[in-house]
Amino acid sequence: MSKKVLLSANEAVAWAACKAGCSVASAYPGTPSTEILENVAKFKETIYCEWAVNEKVGMEVAIGASIAGVRALTAMKHVGLNVAMDPLMTYTYVGANGGLVVVTADDPGMHSSQNEQDSRNLVRFARAPLFEPADSQETFDMIQEAFEVSETYRVPAFVRLTTRTSHTSTVVDVGDDFGPRQVEGKGYVKDIRRYIPVPMFARPHRLQAQERTEQLRAYGCGTRFNREEPGDRRLGIVTSGVTYQYVKEVFPEFAVLKLGFTNPLPAELIKRFAASVERLLVIEELDPFLEEQIRALGLKVVEHKTELNMLEMNPLRLTALRQELLGDVALPEVRRADAGLPTRPPVLCAGCSHRGVFYTLAKLGATVTGDIGCYTLGAFPPLSAMDTTICMGACIGNAYGMEKAGHKGRLCAVIGDSTFFHSGLTGILNVIYNGGRTTTVVLDNRITGMTGHQENPGSGKTLCGDPAPATDIAEVARAMGFKRVVTVPAYDLAALEQVLAEELDAPEPSVVIAGAPCRIAAKLWNLATYGVDAEKCKACGACFKLGCPAITRGEAAAGGKRFKCVIDPVQCSGCNLCIQTCKFGAISKIR
Amino acid sequence: MSAMNVSLVGVGGQGILLTSDILARTAARAGLDVKKSEIHGMAQRGGSVISQVRFAERVYSPIIQDGASDLLVSFERIEALRWRHLLRAGGKVLLNNLNLAPVTVSSGQQPGVDDLDARLAAEYPGACVVEGLRIATDLGNARAMNLVIAGALSTLTPFEVSVWEEAIRERIPGKMLETNLRAFAAGRDAVRG
C-alpha cells in the first residue's frame with residue numbers, strides 16, 4: 001500500500017522528519033531553505049520547532065537536543081552553513097548522541113544569493129556523511145536514513161538540497177503508515193571526556209573521527225542510495241544529486257553510477273564501476289567535488305571543454321557536452337524574441353517602509369554600507385542609495401572599517417530588523433566598545449521580509465504563531481552604551497532628513513531606528529489611494545526619484561524631455577511619500 | 001497519455017505559482033509522473049517569474065530544455081517575448097492579453113516596447129489569447145485572473161475537466177473556492193468560443 005502526495009523537497013524534509021520521530025527543529029530562514037521549517041511547523045504536535053535568530057544558534061539548539069538524546073534537525077541555505085560552521089566543526093568530533101540531521105540548500109546559479117559556494121566542500125571539511133537527493137522522494141527517504149546513520153555512526157549527517165530540488169514538486173510515496181513516530185530518546189549521560197573537548201579529550205576524538213570516516217566509506221559502498229544503472233558500457237557516468245535527472249535525459253543509453261551518498265567518497269564502488277566501463281565521465285553541479293577525488297584515486301576521467309563547474313546545471317549544457325564528446329546530437333533550434341526588451345528587476349513594493357530612508361540617504365549624498373534583505377534593492381536606480389553588501393550583519397563592521405580607514409564624507413550602515421538580530425548586535429557592540437562614530441540605521445519593519453515574511457525576535461510571534469516578547473532595538477542599543485538612539489517615523493521625509501543628517505554628522509556613534517510594519521506582511525497594502533491632478537503636475541520628475549512601482553509615466557511635457565506622473569490605483573497603497581516630494585500640490589488622496 | 005512540457009511565465013504577484021501547482025496536481029491525479037519547478041525569492045518583488053511543469057509516464061529533468069516547451073503560458077505580453085526561447089517549433093502559446101509596464105519603463109529609465117502588438121503577432125500567429133483580467137473583473141474578483149487562465153489552459157491539456165476541478169478544490173480554501181471555480185469555467189468558455 002502507498003500514500004502518494006505532491007511535495008517539494010523542502011516539504012519532503014518536514015514529512016520525513018515527522019516520520020523519523022524528530023523531536024526538535026531550529027533554523028533561520030533563507031532562500032531556498034525557508035519552507036523546510038514552515039512545513040515542520042505543520043507537525044508541531046510532535047516536533048518542537050522554532051525560528052532561531054541565526055544559523056549558528058539553530059545549529060547549537062539542534063546539537064543541544066542531540067546531546068540530550070533526541071532526534072534533531074537544523075536547516076539553512078548555503079551561506080547559512082558558513083555561520084553555523086563553528087559549533088558543527090567540534091560536534092563532528094564529539095559525535096551525535098540523538099540523531100542530528102543538517103539540511104543545507106545550495107543555490108547554483110545564484111537565483112537568490114550573493115555567492116555560489118558548493119557546500120559539499122564544507123561537509124567534507126567537517127568529516128560528516130553527506131546525502132545528495134535527486135528529487136523529493138529521495139529527500140523523504142534520505143532524511144530518514146540520515147537520522148539512522150547519524151545515530152549508528154554517532155555523527156551529524158548532512159542532506160544537501162539545491163534550489164532546483166528544494167523548489168521542485170514531485171510525487172512522493174510517504175507510505176500508508178505515514179504519521180508521527182515516537183522514538184525513545186537515548187537520554188543524556190554526563191560524560192566530560194566526550195562533551196568537553198579540551199585538548200587531552202579532543203585528541204582521541206580526532207582519531208575516532210578518522211576511524212568513523214572509513215566506516216562510513218564502507219557504508220557508502222553498500223547503501224541502496226548508491227546504485228549502478230545498467231547501460232552501454234562504452235561510457236560510464238558518475239553523477240549525484242539532481243544532476244542525475246539531466247544525465248538520464250541527455251545520456252539515457254549509458255551506464256550510470258548514481259551516487260546519493262557522496263561523502264566520504266565510496267571509493268571501492270567507483271573503482272569497480274570504472275573497471276567495468278570503457279571511459280569514465282563525471283557529471284556534477286558546481287565544483288568538481290567528486291571528479292577531483294576520483295582522479296586522486298588514480299582513475300582516468302574523460303576530459304572535455306564544456307564548462308560545467310559553475311552556475312546551474314541544465315539539460316542544454318549536457319546536450320552541449322554530448323555534442324562535444326559523441327557528436328551525435330544537435331543543439332535544439334532556439335528562437336529568441338527578447339532583443340531590446342526592457343528589464344524587469346525586482347523592486348521595493350509600493351508603500352515599502354524602506355523607501356523613504358533610501359530616498360533621504362541619496363539626497364544626503366551618504367556612502368551606505370548595506371546588508372542582506374529586501375532593502376538591498378535600495379542599491380538600484382533611481383534610489384541608488386547603497387554602496388556595499390557582503391553578508392548578514394556585515395554592514396556595521398564595513399561602515400566602521402571604512403570610518404577607521406579615513407573615509408571622507410557622510411557614511412552609515414543600513415540593516416533590516418531580522419538581519420540586525422541575526423548578526424548586527426555584535427557589530428554595534430564593536431562600534432561602541434572601540435569608540436567609533438558609525439551611525440547604524442535599522443530598517444525595522446518587524447518581519448523577515450525577503451524570504452516571505454517570517455517571524456523574528458522583533459515581531460512578537462514565534463514560528464508557530466504563539467506570542468513572544470518583541471525585542472526593543474532602541475533599548476538594546478542604549479543598554480550597550482549608545483547615547484544617541486533615535487526612532488524616526490519611516491514615512492516622514494522631513495523628519496528622516498533632519499534625523500539622518502544630524503546623526504550622520506554627529507561626532508558620536510548612533511543608532512537610528514526607522515520603523516513601520518511591512519505593508520505586505522501587516523496587510524496594509526490598501527490603506528488609501530492617491531491620485532494626480534494633471535493640471536497641477538509640472539512634470540518636474542521629483543516623485544519618480546522614489547522608484548515607486550505605482551508611480552508611472554504619464555503625458556509628455558517640455559517637448560518629450562519630461563513626463564507627468566500617473567499613479568496606478570491598483571498598486572498604490574497610500575503610503576504618503578509621493579505627496580511629500582511634490583512641490584506643486586498635484587498629488588492628493590482620492591480614497 | 002502524452003508527455004507534455006508546460007512553461008508558465010509572467011510577473012511576480014500574478015498567481016503563476018498557484019496556477020502551475022493546480023496543473024501539477026491535475027496531472028498527478030490523472031496518474032502521471034509530474035515535476036513542477038519554480039524560481040522565487042527575489043522574484044516575488046515584481047520581477048519576472050517562471051514555473052515549469054512536466055508530466056509523462058516518467059519524468060526525469062525538472063527543467064525544460066530551451067526550445068522544448070510544448071506550451072508557453074504567458075500571463076503578461078512583454079514576458080511572452082522574453083521567454084520565447086523556451087518554446088519548441090510548432091509549440092502552442094496561451095497569451096493573457098495584459099500589459100504590465102516594468103518599473104524600468106514606468107519610471108523612464110528604459111524605453112518601452114512600441115511595436116509590441118506587431119512583435120507578438122509575428123512571433124505567435126496562432127496564439128490562443130485570453131482576456132484574463134477583464135473576465136475576472138467582470139466576475140467581481142480581479143484576483144481570480146489566474147484561474148481564468150487555468151481554465152483556458154485546461155482546454156490545451158489532455159485532462160478531464162472534473163480532474164482539474166478536484167485539483168482546484170484540493171488547493172484553494174473554502175470561501176474563495178466558488179469564485180475561483182467560476183473563473184476557471186469562464187476561462188474555459190472564453191477560449192472554446
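The legends below describe close-up views of a predicted model. Local features need pLDDT of at least 70 and side-chain atom pairs count only at pLDDT 80 or more, while totals for chains, interfaces and linings use all residues. Residues are numbered from 1 along each chain as its sequence is written, and side-chain values use heavy atoms, with hydrogens and water left out.

**View 1. An aromatic pair in chain B.** Phe55(B) and Phe159(B) form a tilted pair, with 5.0 Å centre to centre and 55° between the planes; rings of Phe, Tyr and Trp (its six-membered ring) pair if their centres lie within 6.5 Å, and planes under 30 degrees apart count as stacked, over 60 as edge-to-face and the rest as tilted. Phe55(B) is buried at 1% relative accessible area, and Phe159(B) is buried at 6%, where buried means under 20% (1.4 Å probe, protein chains only).

**View 2. Charged ends over rings in chain A.** The charged end of Arg553(A) sits over the ring of Phe563(A), 3.7 Å from its centre, and that of Lys258(A) sits over the ring of Tyr244(A), 5.2 Å from its centre; the criterion is NZ of Lys or CZ of Arg within 6 Å of the ring centre and within 35 degrees of the ring normal.

Note on methods. Chains are lettered from A and ligands numbered from 1 in the order in which they are written. Buried means under 20% relative accessible area, exposed over 50%, partly exposed in between (1.4 Å probe, protein chains only).
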